[in-house]
Amino acid sequence: MTKKKHLTERQHQRIAANQKKRFVRAEKPEAAEQDLDLFAESEPGLVISRFGQHADIEATDGSVHRCSLRRVINSLVTGDKVIWRRAKAANSTPAGVVEAAADRESVLVRPDFYDGLKPVAANIDLMIIVSAVLPVFSSNIVDRYLIAAEAMHIKPLLLLNKVDLLTAEERAALEQQLQMYTSLGYDFLLLSAKTGEGTAQLNNYLQQGCSIFVGQSGVGKSSLLNAVLPGIDAITKEVSEVSGLGQHTTTTARLYHLPQGGDLIDSPGIREFALWHLEPEQVAAAYPEFQPWLGRCKFRDCKHQNDPGCALQHAVSQGDIHPERFHNYHKILLSMQQDKPNYFSN
Ligand SMILES: Nc1nc2c(ncn2[C@@H]2O[C@H](COP(=O)(O)OP(=O)(O)OP(=O)(O)O)[C@@H](O)[C@H]2O)c(=O)[nH]1
Ligand SMILES: [Zn+2]
């Protein structure tokens with residue numbers, strides 16, 4: 001313990017040097033901004049990872065450069081497309097500077113206690129919602145992720161893992177149950193990370209763009225990620241240790257190019273991504289099958305429960321809305337009201 005109290009000579013020197021640097025920076029706050037001579041022509045790039053005031057930028061030739069960010073950039077996350085300039089001098093720190101970020105096609109957000117909704121990753125094409133089939137397949141959890149995907153305009157794919165554990169009858173029953181999703185236009189994939197069944201189809205989906213894997217603990221996300229990108233868990237761990245930023249890095253997302261084609265954005269924070277609080281209207285808006293019926297209830301403030309003249313209840317009774325989806329809708333709304341401040345629980 002006493003060791004910590006006494007700084008070594010080198011530590012003293014380093015602190016003094018840092019203070020000096022900070023002082024110079026304070027004197028000339030715009031120095032870096034003005035010195036364009038240091039940097040080459042602007043070029044397009046892709047954010048592979050973001051670390052505080054820096055970001056790893058991939059050039060079109062595939063090389064990665066740790067860059068600083070211009071002050072005008074107020075939000076930059078993994079998956080963002082940028083305009084940057086590389087440093088003219090070799091081995092300079094930073095290796096370049098990010099000048100501007102392009103508009104996002106989609107953005108994954110997570111609730112932050114202080115900042116409200118915080119962007120985590122951008123330009124995601126596919127949210128792969130991983131569920132285990134045993135002990136039971138939970139449509140309630142799947143529906144929570146589907147609501148999040150719809151709210152963020154990211155296409156979802158339902159991935160049912162561990163199908164090696166099912167008997168033929170159980171498997172047939174599961175496929176029957178999943179009809180309620182296919183009829184809404186949602187795709188599903190039966191897979192086993194253990195036997196490898198379904199991985200070829202999974203690769204077809206992955207090749208189409210940039211994907212993320214989400215799902216509850218124990219469903220097999222690590223196993224699946226390691227199947228599509230061997231060694232990914234080791235890399236994730238390494239990133240957290242090397243950058244030494246402590247707890248924050250556990251949510252720092254990273255973009256990987258898959259050898260079989262397509263991109264993957266991953267971090268522990270993304271894997272355990274949970275549904276945040278939404279207003280009841282926003283939840284209803286995330287159900288595609290509700291859309292033709294919304295606004296047609298007898299009472300404008302209809303809660304779609306036992307209210308007379310409820311259009312949604314009518315749609316359920318005539319088979320246009322699946323009763324299980326409708327049941328989950330009410331359950332999800334109720335849980336949002338109950339644990340409103342608890343953004344982080346599933
Ligand atoms: N039988 C079978 N077991 C599997 C399969 N995929 C994963 N498992 C097992 O399920 C357990 C959980 O797998 P993980 O890959 O750690 O699951 P995870 O979703 O990453 O879980 P967390 O790390 O807790 O978030 C492990 O014991 C795996 O060996 C599968 O397809 N079939
Ligand atoms: Zn109603």
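A residue counts as buried if 20 or more other C-beta atoms lie within 10 Å of its own, as exposed if 12 or fewer do, and as partly exposed in between, with C-beta atoms placed from the backbone. By that rule, buried residues make up 30% of the 346 residues in the protein chain. Before you click further, note that this is a predicted model, in which local features need pLDDT of at least 70 and side-chain atom pairs count only at pLDDT 80 or more, while totals for chains, interfaces and linings use all residues. Residues are numbered from 1 along each chain as its sequence is written, and chains are lettered from A and ligands numbered from 1 in the order in which they are written.

**The whole chain**

Helices (H or I, at least four residues) and strands (E, at least two) are DSSP runs, numbered from the N terminus. Of the contacts with a separation of 6 or more, 64% are between residues 24 or more positions apart; two residues are in contact if their C-beta atoms, placed from the backbone, lie within 7 Å.

Now select residues 39–51 and 54–59, which are strand 1 and strand 2; they run antiparallel and are joined by six bridges. Two strands pair if DSSP finds at least two bridges between them. Look for Leu46, whose bridge partner in strand 2 is Glu58. This hairpin has two residues between the strands, and Gly52 takes a positive phi near 55° there. The hairpin of strand 2 and strand 3 has four residues between the strands, with Gly62 at a positive phi near 95°.

**Strand 8 and its partners**

Move to residues 126–132. Strand 8 is largely enclosed by the rest of the structure, because six of its seven residues are buried. Strand 9 (residues 155–161) pairs with strand 8 in the parallel sense over seven bridges, and Ala132 has Asn161 as its bridge partner. Trace the chain from strand 8 through helix 4 (residues 139–151) to strand 9, a right-handed β-α-β crossover; right-handed means that, with the strands pointing away from the viewer, the path from the first strand over the helix to the second runs clockwise. Strand 11 (residues 210–214) also pairs with strand 8 in the parallel sense, over four bridges, and its Phe213 stands opposite Ile128.

**Around ligand 1**

Next, centre on ligand 1. Among the 16 residues around it, Lys194, Ser217, Gly220, Ser222 and Ser223 come nearest; near means a C-beta atom, placed from the backbone, within 6 Å. Helix 8 (residues 221–228) gives the most to this shell, with three residues.

**The annotated site**

Finally, select Cys297, Cys302, His304 and Cys310, where an unreviewed UniProt entry places a "binding site". UniProt positions are given in the numbering used here, feature names are shortened, and annotations may be inferred rather than shown by experiment. Cys297 sits in the loop between helix 11 (280–285) and helix 12 (311–317) and is partly exposed, with 19 other C-beta atoms within 10 Å. Beyond its neighbours within four places in sequence, Cys297 is in contact with residues including Cys302, His304 and Cys310. Cys302 lies in the loop between helix 11 and helix 12, and counts as partly exposed with 18 C-beta neighbours inside 10 Å.
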